[in-house]
Amino acid sequence: MQRSSNTNILDRPLGRGGGRGGDGNVSLSAFAYLYSELVQYHQGRVASISELERRLESAGYGVGLKVLELLAYRSREAKRETRLMSILHFVSSSVWKALFGKAADSLERSIDHADEFMIVDYEPITSTFVSVPSDFGQLSVDAYISGIIAGVLDGAGFTARVTAHSVTMEEGEKPVSTSSSAASTPLPRKEKAVFLVKFAQEVLARDAALER
């Protein structure tokens with residue numbers, strides 16, 4: 001019996017489809033439009049900025065769970081990450097590459113708080129092409145990505161609170177563009193996205209026990 005040459009849909013790269021005339025990548029303009037509509041949809045159903053961010057996080061959370069499941073299937077390995085730094089590297093590299101075509105720009109540990117880590121992205125797709133009205137100045141539309149991170153971590157057994165923050169880049173701090181969005185970015189960004197990951201105490205205790 002001859003085996004079909006068609007690639008299993010679960011083995012295909014994320015963001016690719018079977019459309020004609022190209023590799024099927026979702027265009028940035030299409031994503032920006034759809035994401036803008038998602039933000040506006042929830043905006044009309046909330047009474048505060050914090051509630052809007054929670055809704056965006058919730059929307060991303062389910063995506064994170066599915067991405068973890070898909071990447072675990074593709075790796076075809078029986079083992080799973082058990083160490084805290086290993087899962088963070090998995091998120092900032094494997095998950096980021098699967099979703100955004102590049103690794104996160106940096107992964108840092110908080111100097112002041114042992115339970116906090118930061119994933120930095122200089123060009124997050126969710127805010128690069130979405131403008132925030134002045135009366136929503138404190139809104140972080142990157143909350144969708146923080147929800148994805150939380151979904152991946154929670155699904156892997158690393159309970160954490162993840163929040164998105166826009167941080168002004170310091171003088172001389174320039175991102176090295178590695179994504180295809182660099183050529184189409186409207187204006188040079190003045191802020192970077194920092195995703196603050198605060199792990200639950202039981203996660204820290206478990207990781208400390210594994211070091212013994």
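This note goes through a predicted model of one protein, point by point.

1. **Overall make-up.** The protein contains six helices and four strands, and along the sequence these elements follow one another in the pattern α-α-α-β-β-α-α-β-β-α. Of its 212 residues, 36% count as buried.

2. The four strands form an open sheet in the order 1-2-4-3, and the pairing is antiparallel. Strand 1 (106-109) and strand 3 (160-168) stand at the edges with a single partner strand each, so one side of each has no neighbour in the sheet. Neighbouring strands of this sheet are turned against each other by 25° on average, when direction is ignored. As background for a first reading, strands of a sheet pair through backbone hydrogen bonds, and they may do so in either the parallel or the antiparallel sense.

3. **Pairing, strand by strand.** Strand 1 is joined to strand 2 (residues 116-121) by four bridges, the two strands running antiparallel, and within this pairing Glu108 has Met118 of strand 2 as its bridge partner. Strand 2 is in turn joined to strand 4 by six bridges, again antiparallel, with Val120 finding its bridge partner in Val194 of strand 4. Strand 3 and strand 4 pair over nine bridges, also in the antiparallel sense, and here the bridge partner of Thr168 is Glu191 in strand 4.

4. **Helix 3 and the sheet.** Helix 3 (residues 84-100) lies across strand 1, strand 2 and strand 4 (191-199), and runs at about 15° to strand 2. In the loop between helix 3 and strand 1 one finds Lys102. Is Lys102 buried or exposed? Its relative accessibility is 7%, and because the cut-off for buried is under 20%, Lys102 counts as buried. The side chain of Lys102 is joined to that of Asp121 by a polar contact of 3.3 Å.

5. **Helix 1.** Helix 1 (residues 28-43) has 16 residues and reaches 22 Å from its first C-alpha to its last, close to the 22 Å expected at 1.5 Å a residue. Its buried residues are Ala32, Tyr35, Val39 and His42. Seen down the helix axis, these buried residues fall within an arc of 100°, so they line one face of helix 1. On the face of helix 1 turned away from the buried side are the exposed residues Ser29, Tyr33 and Leu34. The cover over the buried residues of helix 1 includes helix 2 (49-75), helix 4 (125-128) and helix 5 (143-155).

6. **Helix 2.** With 27 residues, helix 2 reaches 38 Å from its first C-alpha to its last, which is close to the 39 Å expected at 1.5 Å a residue. Among the residues buried in helix 2 are Leu52, Leu56, Gly60, Gly64 and Val67, and the list also includes Glu53 and Glu57. What covers the buried residues of helix 2 includes helix 1, helix 3, helix 5 and strand 3. Just after helix 2, Arg76 takes a positive phi of about 55°.

7. **Ser50, a residue of helix 2.** Ser50 lies in helix 2 and, at 39% relative accessibility, counts as partly exposed. Its side chain makes a polar contact of 3.2 Å with the side chain of Ser48. Ser50 and Leu139 are 89 residues apart along the chain, while their C-alpha atoms are separated by 7.7 Å.

8. **His165, a residue of strand 3.** His165 is found in strand 3, and at 35% relative accessibility it counts as partly exposed. Which residues is His165 in contact with, leaving aside its neighbours within four places in sequence? They are Ser140, Lys192, Ala193, Val194 and Leu196. For one of these residues, Ala193, the C-alpha to C-alpha distance from His165 is 5.7 Å, although the two are 28 residues apart in sequence. The side chain of His165 is also joined to that of Thr163 by a polar contact of 2.8 Å.

Terms used
Residues numbered from 1 in each chain as written. Predicted model: local features only at pLDDT ≥ 70, side-chain atom pairs only at ≥ 80, totals over all residues. Heavy atoms only, no water. Pairing = 2+ DSSP bridges. Axes fitted to C-alpha atoms, helices over the stretch in contact; angles between N-to-C directions. Contact = heavy atoms within 4.5 Å. Buried < 20%, exposed > 50% of the residue type's maximum accessible area, 1.4 Å probe, protein only. Polar contact = N/O pair within 3.5 Å; in protein donor to acceptor, adjacent residues only side chain to side chain. Expected span 1.5 Å × (residues − 1). Arc of directions from axis to C-beta.
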